[in-house]
Amino acid sequence: MEFVSHGDKETQKLAQILGREIVKSSAQKKKAVVIGLEGELGAGKTTFVKGFAKGLGIKQKVSSPTFVLMKVYNFKTKGEKEPKFLFHFDCYRLKDHRDLTALGAQEFFADARNIVLVEWSDRVEKVLPSRYIKIHIDHLDNKTRKITVRK
Ligand SMILES: Nc1ncnc2c1ncn2[C@@H]1O[C@H](COP(=O)(O)OP(=O)(O)OP(=O)(O)O)[C@@H](O)[C@H]1O
Ligand SMILES: [Mg+2]
């Protein structure tokens, strides 16, 4: 699927809708849903995660985990009492995929309660599950981005 966004609000709106759909379709999954975000510096990866979190009903302010490497938020889905978790990784400062493993990523990938969003996923592809949703953001101009979603 391919989308063109004309501003950060539009990217967030798209991410919000995708977030809701992905949560709905993940109900029967036995492992986490993993979403890789690719695109150069300032492409809009964090902006996308902000909208995605909103779609899940997360009210907390989502900010970039560039320095802390990982953030976790909880959310609830309709009809379920137990909370679920949104993990937000930023791999920009990692040396390589082994650093992601060291952060406990495999454990998070194995848990069906989790949705794991990974910025700079192309740097750690080796340790991502064989099936993940890949989102690539291309910078077309100042305000315009091409967003490609691949399963
Ligand atoms: N259509 C658009 N979609 C997303 N962001 C946009 C768009 N147009 C302009 N922007 C701006 O581009 C910037 C994107 O920043 P953001 O932090 O989301 O990028 P990033 O890919 O996470 O960067 P980094 O690699 O540093 O983590 C923001 O300042 C945002 O306002
Ligand atoms: Mg970012």
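A: In this predicted model, the side chains of Arg113 and Asp111 meet in a salt bridge, with N and O 2.8 Å apart. The term salt bridge denotes a side-chain nitrogen of Lys or Arg within 4 Å of a carboxyl oxygen of Asp or Glu. Arg113 counts as partly exposed because its relative accessibility is 43%. Asp111, with a relative accessible area of 24%, is likewise partly exposed. Here buried means under 20% relative accessible area and exposed means over 50%, with partly exposed in between; the calculation uses a 1.4 Å probe and protein chains only.

Residues are numbered from 1 along each chain as its sequence is written, while chains are lettered from A and ligands numbered from 1 in the order in which they are written. As the model is predicted, local features need pLDDT of at least 70 and side-chain atom pairs count only at pLDDT 80 or more, whereas totals for chains, interfaces and linings use all residues; side-chain values use heavy atoms, with hydrogens and water left out.

The search of the whole structure finds six salt bridges. One of them joins Glu21 to Lys24, whose closest N and O atoms are 3.4 Å apart. Both residues belong to helix H1 (residues 8-25), where they stand three residues apart, about one turn of the helix. Helices (H or I, at least four residues) and strands (E, at least two) are DSSP runs, numbered from the N terminus. Glu21 is partly exposed, since its relative accessibility is 43%, and Lys24 is exposed because its relative accessible area is 59%.

The pair Glu38 and Lys134 forms another salt bridge, with a distance of 3.8 Å from N to O. Glu38 lies in strand S2 (residues 33-38) and Lys134 in strand S6 (residues 133-139), so this pair ties together parts that are 96 residues apart in sequence. Both Glu38 and Lys134 are buried. They also take part in a network of salt bridges that links Glu38, Glu125 and Lys134.

Seven strands form an open sheet in the order S1-S7-S6-S2-S5-S4-S3, with mixed pairing. At its edges are strand S1 (2-5) and strand S3 (70-75), each of which pairs on one side only. Two strands pair if DSSP finds at least two bridges between them. From one strand to the next, the twist averages 20 degrees. S6 and strand S7 (residues 145-150) pair in the antiparallel sense over six bridges, and His136 stands opposite Thr148 in S7.

Helix H1, which holds Glu21 and Lys24, lies across S1, S2, S3, S5, S6 and S7 and runs at about 145 degrees to S1. Helix H2 also packs on the sheet, where it touches S2, strand S4 (84-90), S5 and S6, and its direction makes about 165 degrees with that of S5. For these angles, axes are lines fitted to C-alpha atoms, for helices over the stretch in contact, and angles run from 0 to 180 degrees between N-to-C directions. Contact means heavy atoms within 4.5 Å.

Ile133 is buried because its relative accessible area is 9%. Leaving aside residues up to four places away in sequence, Ile133 touches Ile22, Val33, Val34, Ile35, Gly36, Val149, Arg150 and Lys151.

The protein donors of the magnesium ion (ligand 2) are Thr46 (OG1) and Glu119 (OE), which lie 2.1 to 2.2 Å from it. Thr46 lies in helix H2 (residues 45-55) and Glu119 in strand S5 (residues 114-119), so the pair ties together parts that are 73 residues apart in sequence. Donors are N, O and S atoms within 2.8 Å of the metal (3.2 Å for Na, K and Ca); water is not among the atoms, so sites may look incomplete. Thr46 counts as buried at 16% relative accessibility, and Glu119 is buried with a relative accessible area of 3%.

Finally, the chain as a whole contains four helices and seven strands, and 48% of its 151 residues count as buried. Among contacts between residues at least 6 apart in sequence, 64% join residues at least 24 apart.
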